[in-house]
Amino acid sequence: MKESNLLIKNARIIDPAGSMDEIGDILVADGKISQTGKDIANSGATIIEASGLIACPGFVDLHCHLREPGYENKETIASGAAAAARGGFTTVCCMPNTNPPLDNAASISQVKDIAAREAPLVNILPIGCISKGRAGREMTDLTELAGAGCIGFSDDGSPVSNSRLMSIVMQNTAILDLPVIDHCEDLDLSAGGHMNDGWVAARLGLKGIPAAAEETIVARDIALCELTGARLHVTHISTIGSVELVRDARRRGLKITCDVTPHHLTLTHERVMKAQAGSGIALAYDTNAKVNPPLRSSADIDALIRGIKDGTIDAIATDHAPHTVEDKLCEFENATCGTSGFETAFGVLMSLVHAGWIDLNALINCLTAGPARVLKNTSGTLRPGSRADIVLLDTGREWTVEAKDFLSKGRNTPFDGCKLKGMVVATIGGGSFAFRHSSLRIS
Amino acid sequence: MSLSEPRSGAATREPLPQLSIDLWRHRHVLDLDDFSREETDLVFEIAEGMVEILDRDVKKVPTLRGKTIAIMFFEPSTRTRASFELAAKYLGADTISLDSARSSVAKGESLIDSLRTLQALEVDTIIMRHPCSGAPYIAARHLDTSIINAGDGCHAHPSQGLLDIFTMKQQLGDLKGRKTVIVGDIMHSRVARSNIWGTRHYDMKLVICAPPTLIPRGLPEMLERCALNHVTIEHNLNSALENADIVMPLRLQKERQQSGLISTMREYIQGYQVNAQRLARAKPDVLVMHPGPMNEGVEISHDVAYGTRSLIEQQVTNGVAVRMALLYLIAGGKSR
């Protein structure tokens with residue numbers, strides 16, 4: 001629904017990019033932020049009564065999978081955007097592991113065209129492939145992909161093993177000033193692995209993926225970053241060692257950023273075996289907890305939290321990875337990795353705030369200004385003149401995750417049935433409601 | 001005790017003794033991690049009666065008459081499959097035996113769909129073997145039919161664990177203070193894992209012995225977290241064998257060398273083969289077990305496999321008795 005002008009009244013406005021945290025109003029006119037401040041006079045705008053709510057920039061997700069083209073049975077750009085909006089996201093960067101993969105300008109344009117047509121309220125920013133067919137052998141036409149509007153380069157789940165190819169790619173991306181977004185995984189070390197290499201893997205008889213499989217490639221990428229001067233973004237960082245490597249590299253002034261997912265911040269590898277109480281079945285082998293990188297240990301979570309607190313970790317990204325029922329209703333070893341993450345992200349992350357592990361402003365920073373800095377674009381702020389991408393949050397509202405009611409086609413979530421405290425009440429994209437909960441008061 | 005003596009304990013018992021089966025609470029047999037000491041002992045007590053039946057000329061009893069048991073194997077197996085099938089038949093059950101190569105699985109049917117079909121055919125119990133760890137757990141979650149795990153991936157093989165411990169007890173009586181060494185490819189061994197769980201009730205020592213590449217990295221932490229304090233890990237077989245009462249080598253698959261986990265078979269044999277020379281380090285009356293199938297000349301020498309200390313054939317016979325006991329408790333349960 002198109003609203004010409006909106007006036008959000010009496011919200012707690014948190015805009016980390018503008019160092020703002022105060023009670024006030026936001027006036028939206030012509031799809032842009034017109035003004036923020038106290039007691040803004042109304043002149044015919046639709047009024048949103050937001051006392052008790054937080055208003056902050058729409059969330060920015062650096063890593064998601066929208067599956068179109070090629071896997072429309074898992075998700076479409078339209079269904080993914082609807083799920084994103086419900087999760088508070090107004091800018092999402094989609095990975096190129098579609099079919100065909102986004103390894104040429106026409107594919108990038110196709111995604112942007114579909115997005116503009118079917119999901120105009122959510123900014124959908126495609127990521128281009130590093131190598132043709134994501135095969136890790138031959139570099140794509142990086143300049144052409146950049147010209148078509150991709151915001152970075154990644155082969156995502158099929159990371160480039162060949163260090164020489166990666167260094168050549170980075171020489172090129174350095175002058176394009178776009179990040180290489182790397183899923184860091186040494187495929188030889190992780191081969192055959194299905195979960196974190198630890199006591200739970202030993203217990204379940206599953207082959208493990210050691211932390212070193214991630215850390216060796218993080219270390220390699222950092223060295224290549226130093227060699228080439230490229231911008232490197234390490235996505236879904238998951239281990240103590242990776243956080244330390246990134247922290248150290250940044251201390252040395254390298255252009256390295258990183259993100260972490262909500263599930264790696266809140267779930268451990270024990271979740272894979274956790275069985276339903278009273279089921280009489282001791283071990284779950286829960287395929288909804290199968291993700292890549294795998295869920296790690298509680299010590300890793302502690303390191304990730306420290307990374308958020310000291311600014312080593314710039315962003316929280318969902319790695320929203322919708323799958324069909326059949327992809328997950330099978331043997332653990334045969335199940336596909338990933339979790340449908342848009343719609344639970346904020347509620348799940350609020351559990352960290354309620355537990356006192358991170359503060360609300362740090363969380364919102366990681367969902368707005370942090371990722372916007374990685375993208376070097378104008379998203380993630382409420383500064384007057386910006387596109388009016390705003391999310392309204394009720395941090396105290398309790399709700400229960402019902403995967404069957406997801407707007408995403410992917411119902412694969414390890415949080416189904418979880419009681420969460422903290423809900424997205426409305427998402428405004430370019431001045432219009434992309435999502436609106438029934439509790440929102442409008443006059 | 002001499003190995004040529006008749007099996008102790010079984011001779012004086014009634015075939016199917018009146019036991020307190022009230023404490024049996026399992027609908028499925030997935031692994032031994034949720035078996036209490038009492039439940040394990042109950043299985044053994046019933047198995048002793050079954051051993052008696054197996055000694056008869058006519059082995060068939062009507063205990064499970066009218067029950068249907070499906071034996072669904074998603075990977076090749078000879079002895080476990082034959083053992084379960086005979087166990088079911090001796091108890092009078094009807095059996096249907098399916099293997100994945102010749103069933104609709106070969107046409108791409110999913111695990112759950114295959115098993116749902118069996119459930120719809122009203123079978124009472126499904127005995128399943130599957131190459132993926134956890135497959136029977138997923139089956140049990142989505143089905144109402146009882147599942148008996150006949151081996152899942154590298155995870156568990158509860159009936160084997162039970163028959164191994166049953167065989168140890170049959171030979172040694174009380175296992176308190178006894179030392180068993182399991183040596184070989186622990187990483188890929190469901191037998192080792194089920195023995196780790198099953199032996200925890202018997203105040204015995206279990207030594208897990210293998211080269212570092214064939215032990216799961218998380219095993220020490222698992223033992224600690226699961227309070228499996230009776231288990232220690234040892235990389236040197238000669239040290240592990242000191243004062244051992246029982247040694248059980250595990251099959252070493254050739255794939256382990258192909259995948260580079262060990263350098264050569266020759267080196268493995270030098271370090272880890274159970275042979276007469278090595279056994280001299282154990283107790284003089286050390287017993288040798290093997291879950292089969294054997295790679296003679298690799299993990300075990302021919303003379304030891306067929307020597308006077310070998311219990312390998314008793315294990316096979318006991319396997320039928322223990323599986324009869326499990327079927328009696330699981331499939332017989334519904335009519336009680």
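**View 1. Strand 8 of chain B supplies a bridge partner for V183(B).** That partner is P249(B). Strand 5 and strand 8 (residues 246–249) of chain B pair in the parallel sense, over 4 bridges. Strands pair if DSSP finds at least two bridges between them. Strands (E, at least two residues) and helices (H or I, at least four) are DSSP runs, numbered from the N terminus. The model is predicted: local features need pLDDT of at least 70, side-chain atom pairs count only at pLDDT 80 or more, and totals for chains, interfaces and linings use all residues. Residues are numbered from 1 along each chain as its sequence is written, while chains are lettered from A and ligands numbered from 1 in the order in which they are written.

**View 2. Strand 5 of chain B runs parallel to strand 6 of chain B.** The two are joined by 5 bridges. T180(B) has L206(B) as its bridge partner in strand 6. With helix 6 (residues 190–198) of chain B, these strands make a right-handed β-α-β unit. Right-handed means that, with the strands pointing away from the viewer, the path from the first strand over the helix to the second runs clockwise.

**View 3. Both faces of strand 5 of chain B are covered.** K179(B), V181(B) and V183(B) lie on one side, T180(B) and I182(B) on the other. Because 5 of the 5 residues are buried, strand 5 of chain B is largely enclosed by the rest of the structure. A residue is buried if 20 or more other C-beta atoms, placed from the backbone, lie within 10 Å of its own.

**View 4. Helix 1 (residues 37–54) of chain B has 18 residues.** Its buried residues include F44(B), I46(B) and M50(B).

Terms used
A residue is buried if 20 or more other C-beta atoms lie within 10 Å of its own, exposed if 12 or fewer, and partly exposed in between; C-beta atoms are placed from the backbone. The expected span of a helix is 1.5 Å times one less than its number of residues.
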